Amino acid sequence: MANIMIRRGDNGALSFYLPKKDLEDDIVSLEFDTPERWGGELVLKDGSRWYFDPLETQPRLPITVKAKRMGGEDD
Amino acid sequence: MAALTREETEALIQEVLEVYPEKAQKDRAKHLAVNDHEANAKKCITSNRKSLPGVMTIRGCAYAGSKGVVWGPIKDMIHISHGPVGCGQYSRAGRRNYYVGVTGVNAFGEMNFTSDFQERDIVFGGDKKLAKLIDEIEVLFPLNKGISVQSECPIGLIGDDIEAVSKKATAKFGKTVVPVRCEGFRGVSQSLGHHIANDAIRDWVIGNRDAKEFASTPYDVAIIGDYNIGGDAWSSRILLEEMGLRVVAQWSGDGTLAEMENTPKVKLNLLHCYRSMNYISRHMEEKYGIPWVEYNFFGPTKVEESLRKIATYFDDTIKEGAERVIAKYKAMMDAVIAKYRPRLEGKRVMLYVGGLRPRHVIGAYEDLGMEVVGTGYEFAHNDDYERTVKEMGNATLLYDDVTGFEFEEFVKKVKPDLVGSGIKEKFIFQKMGIPFRQMHSWDYSGPYHGYDGFAIFARDMDMTLNNPCWKTQTPPWKKNDDAAPLAAAA
């Protein structure tokens, strides 16, 4: 589990930021992106997948959430 | 010499790596790369790792990042170098963060305050000494607006409780006293010091005026991550003000504690040095909903781009203002380029600095017709390289935390016309007969930001590059042996 920050990037896409690793990347897809449910699994541009518990409303961005890395090599 | 091809650059890296033992070779290979626009920065270069033991690294420490970079320039606070005397004294005023004020009365930028640790302080702890030091400061310098306690290595090692001392002092004097846990041994470079300093600002400064009234305008901005080296923040600030914005705070060059406390009231944070201050910008975005935008004030092309980019966050008056500013300085910039470009056209530059410069100054060199053929950071992270890959030409050299040996070898092989790096590299390259600019504090010149800065930048580059002295230089180790007997006799 790691704290990540999701914000709206300059290009309008959602941007993912992992402060511990200074990893900043665009989010290509987010599992739930509706007004009722927001979150779940997300895929980054570099292919890595993360998961965080979906929120019940669309939050005000940026937001810090606890996320888990899914699959892939764990470095 | 023509630019190297991809294969040649790769071969060059291999050649330089050959000298290392196998394990070191493997480690260093990850930090050297050939720029490739297609590749993912994360895959092509490793950064923010511990330097290899036994090589000459050019990095600093967490204390340097906190006291020297982030906190130090805040002029109306007193920054105590808590620990032995050397850390503060040898870094005193070296960065040339200019400020307005009377030193020793209401501004303290160039002064060194230290608790001067002795053996007994290590044995019995230094908290009492720190408390006494703060009392003395209040008597001698009553106009200080606050104090920050910048820890040096021993503080963390002996486990002093500077937080308790700071809280007591805050209660006693009613002033902001900030304990900063930036012991030098933390992290791999000064970069962690920036982060720690940002976190200290977040915890002890940012929220202080949340409840207070502030007469704001829709055009309030803050300059974040400009340290006013040689007056950089001033030459940036006038452009922003000319286009109609109100600069509420300068972080932290020529900045004050009050400015920092008022920053959460601005409409937009303008972030120049991404590396050292993105943390606080992200924090303000999350807590106060203030957007931040990176900009680049090196060279007319980038200034123009940045002014327009900043203006998109505001209404039409600012957009018009930006165009007005660009138009106003157009003639001046054309004259500068017309004068210096013919003298500098086609020259090749290699850089090795820290923070934002390895990518930000590329545009300024390109405006002068010069080409940056190699660049690298002392303490960058992955996100910096991602931004750099786009700026640099294909097949150019990238080096992270370059060692003294590697840098010398790269320069010998690539043969740039100009090297831009720090003071530790300066004299080696000058003795090799290669024009050199110290790009950390602009070689005692500056400012380089903004339109006024570019004129100085162009002049300095020309002055260095076309100086006739380089042709007469022979490195001491290439001289004939005539001098040798003399040295032996002496």
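Biologist: Over what distance should the 15 residues of helix 10 of chain B span, and how far apart are its end C-alpha atoms?

Modeller: The expected span of a helix is 1.5 Å times one less than its number of residues. For helix 10 of chain B, with 15 residues, that should be 21 Å, and the end C-alpha atoms are 21 Å apart, which agrees. Helices (H or I, at least four residues) and strands (E, at least two) are DSSP runs, numbered from the N terminus. This is a predicted model, where local features need pLDDT of at least 70, side-chain atom pairs count only at pLDDT 80 or more, and totals for chains, interfaces and linings use all residues. Residues are numbered from 1 along each chain as its sequence is written, while chains are lettered from A and ligands numbered from 1 in the order in which they are written.

Biologist: Which residues of helix 10 of chain B are buried?

Modeller: A residue is buried if 20 or more other C-beta atoms lie within 10 Å of its own, exposed if 12 or fewer, and partly exposed in between, with C-beta atoms placed from the backbone. In helix 10 of chain B the buried residues include H194(B), H195(B), I196(B) and N198(B). Their cover includes helix 4, strand 5 (176-180), helix 12 (257-262) and helix 13 (274-288) of chain B.

Biologist: Into which domains is chain B divided?

Modeller: Domain bounds come from an automatic or database domain assignment. For chain B they give domain 1 (1-59 + 344-490), domain 2 (62-209) and domain 3 (220-325). The C-alpha centres of domain 2 and domain 3 of chain B lie 26 Å apart.

Biologist: How many residues does each of these two domains of chain B bring to the contact?

Modeller: Two residues are in contact if their C-beta atoms, placed from the backbone, lie within 7 Å. Domain 2 of chain B gives 27 residues and domain 3 of chain B gives 22. On the side of domain 2 of chain B, the largest share, seven residues, comes from helix 10 of chain B.

Biologist: Which residues touch the most other members of the largest nonpolar core?

Modeller: A nonpolar core is a set of buried Ala, Val, Leu, Ile, Met, Phe, Trp, Tyr and Cys residues joined through C-beta atoms within 7 Å. In the largest one, of 129 residues, they are A222(B), M243(B) and L307(B). Helix 15 (residues 316-344) of chain B supplies the largest share of this core, nine residues. A second, separate core has 10 residues, including M5(A), F16(A), W50(A) and A67(A).

Biologist: How many residues of chain A are in contact with chain B?

Modeller: Eight residues of chain A are in contact with 10 residues of chain B. The elements giving two or more residues to the chain A side are strand 1 (2-8) and strand 3 (23-33) of chain A.
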